[in-house]
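Visitor: Before I use a model of this kind, I would like to learn how its features should be read, one at a time.

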Amino acid sequence: MIGSSVQVFKIFVVWHRLSYIRIVKDEVEITQLIANFSLSRCTYNCYYICIVLSTVQVLVYHKSIVIIVLDNILLLLPWAIVWWTLAIRYSTQDMSNTSETENTMLCANCGKGEEDSINLKACMACKLVKYCSRDCQIAHRPQHKRECKKRAAELHDKKLFEQPPPLEDCPICMLRLPLLGMGRTYMACCGKTMCAGCIHAVQSRAVLAGRVKEDNICPFCRTPNPKSNEEIIERFEKRMDMNDARAIFNLGGSYSKGLYGLPQNYAKALGLWRRAAELGYANAIYNIGLAYRNGCGVEKDKKMAIYYYELAAIGGYACARTNLGVIEWEAGNYDRTIKHYILAAREGESNSLKNMKSMYMGGQASKDDYAKALRGYQSYLDEIKSDQREEAAVVHGKRYY
Ligand SMILES: [Zn+2]
Ligand SMILES: [Zn+2]
Ligand SMILES: [Zn+2]
Ligand SMILES: [Zn+2]
């Protein structure tokens, strides 16, 4: 009977230890485990008890360990399964404790704690571990690199695949602005962006009432529209001094296309977009991505293009998300493609919806995924459609979705 118990316990210890090794390999830094006192104490206690019991066993039975194991193998099996399960659960609990408590309280490299009046700084990429100094961070890098990269990628994906906030409302009709550029206009007089429906309504009312002069005024602030290229640029520059990201973005666009009498200058356009991007304007971030993709004003760089597309998608510019979907599709990452297309369709990106339909027809996306994208796009249409906007689209021959 004692022999059986000893064997059971020894096998438990071996499995217990094996499960730690597995977790060390897969998830946790070895140094963190060593830093966790309760874990190592538990493991070593297991070994001590094992050695003591082995000695007792040999003294009592004077038999070889192999014979005892063979004698008791049938008795041991069910117990082994139970202990194996328990050992995994116990180890997993220990692991989560390690990352929640040890990591945040101690320097991951030298083990100094916050109680030593040392200001610990978290790893910027993963926020999983803290360090007391830059030297400690550098020294710990080889061990931390793998886990850090994995966690940073998880954090990045979490941000990337969140539905961003919708575009702002038109300040006149208070309906959500359409994504398509033709459906909205930025006015440098007041810095407002308004929908084509409101611009058309105000202007057509003025014409009908015989106030032809008002045909050319801003529907929001009633400033007459600029009469020359110089005046257009002057207004952009005036708003630029006020740090209006849209004005900076538009001036950049004018340089990239050589509009309003400006010489075409990609480098200057890129500089202005970078400034607008720093102010958080997602369209500008997207245009920087496009510049990297096409090599305009900068050397072609696909990685940089993706970097900026992702930033723009997180910032709420859905066209960037469609491009990301295409890039993921080309790489065969259909799961990520579908995620991008569903989010972009909800933001009003009709190209994402079209691509999603092709994926569904080609058997790369499920009916459920396609339905999700369709429902999302329909919700977007319900938010942006109005009679006024429909009328403007018909009169000016410009679609807005
Ligand atoms: Zn340290
Ligand atoms: Zn890290
Ligand atoms: Zn409007
Ligand atoms: Zn205005």
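Visitor: What should I know about the model and its numbering before starting?

Guide: This is a predicted model, in which local features need pLDDT of at least 70 and side-chain atom pairs count only at pLDDT 80 or more, while totals for chains, interfaces and linings use all residues. Residues are numbered from 1 along each chain as its sequence is written, and chains are lettered from A and ligands numbered from 1 in the order in which they are written.

Visitor: What is the mean pLDDT of the protein, and where is confidence lowest and highest?

Guide: The term pLDDT is the predictor's confidence in each residue, from 0 to 100. Where it is low, the predicted coordinates should not be read in detail. Here the mean is 83, and 73% of the residues reach 70 or more. Confidence is lowest in helix α2 (residues 30-35), at a mean of 38, and highest in α13, at 98. The pLDDT is below 50 over residues 18-44, a stretch with 33 contacts in the model beyond near neighbours in sequence, a contact being two residues whose C-beta atoms, placed from the backbone, lie within 7 Å. Over residues 90-102 the pLDDT likewise stays under 50, and the model has 16 contacts for them beyond four places in sequence.

Visitor: How many helices and strands are there in the protein, and what share of its residues is buried?

Guide: The protein has 16 helices and four strands, which are DSSP runs (H or I, at least four residues, for helices; E, at least two, for strands) numbered from the N terminus. Of its 401 residues, 32% are buried; a residue is buried if 20 or more other C-beta atoms lie within 10 Å of its own, exposed if 12 or fewer, and partly exposed in between, with C-beta atoms placed from the backbone. Among contacts between residues at least 6 apart in sequence, 57% join residues at least 24 apart.

Visitor: At what angle do the axes of α13 and α15 cross, and which residues make the contact?

Guide: Two packed helices are described by the angle between their axes and the distance between the axes. The axes are lines fitted to C-alpha atoms, for helices over the stretch in contact, and angles run from 0 to 180 degrees between N-to-C directions. Helix α13 (residues 334-346) and helix α15 (residues 367-384) have axes that come within 7 Å and cross at roughly 20°. That makes α13 roughly parallel to α15, since angles under 35 degrees count as roughly parallel, over 145 as roughly antiparallel, 65 to 115 as roughly perpendicular and the rest as oblique. On the α13 side the contact is made by I338, Y341, I342, A345 and R346, and on the α15 side by D369, K372, A373, G376, Y377, S379 and Y380. These residues divide into seven nonpolar, two polar and three charged, where Ala, Val, Leu, Ile, Met, Phe, Trp, Tyr, Cys and Pro count as nonpolar, Asp, Glu, Lys and Arg as charged, and the others, Gly among them, as polar.

Visitor: How do α11 and α12 pack, and in what hand do they cross?

Guide: Helix α11 (residues 302-315) and helix α12 (residues 318-330) pack at an angle of about 135°, with axes 8 Å apart, and are therefore oblique to each other. Their crossing is left-handed; this term applies if the near helix is turned anticlockwise from the far one by less than a right angle, and right-handed if clockwise. The contact residues include I306 and Y309 of α11 and L324 and I327 of α12.

Visitor: Is R246 buried or exposed, and what is it in contact with?

Guide: R246, placed in helix α8, counts as buried because 21 C-beta neighbours lie inside 10 Å. Leaving aside neighbours within four places in sequence, R246 is in contact with Y186, G191, T193 and Y281.

Visitor: What is phi for K127 and for M174?

Guide: Most residues other than glycine have a negative phi, and most peptide bonds are trans. K127, however, has a positive phi near 60° and is found in the loop between β1 (121-122) and β2 (130-131). M174, not a glycine either, has a positive phi of about 65°; M174 counts as exposed, with 9 C-beta neighbours inside 10 Å.
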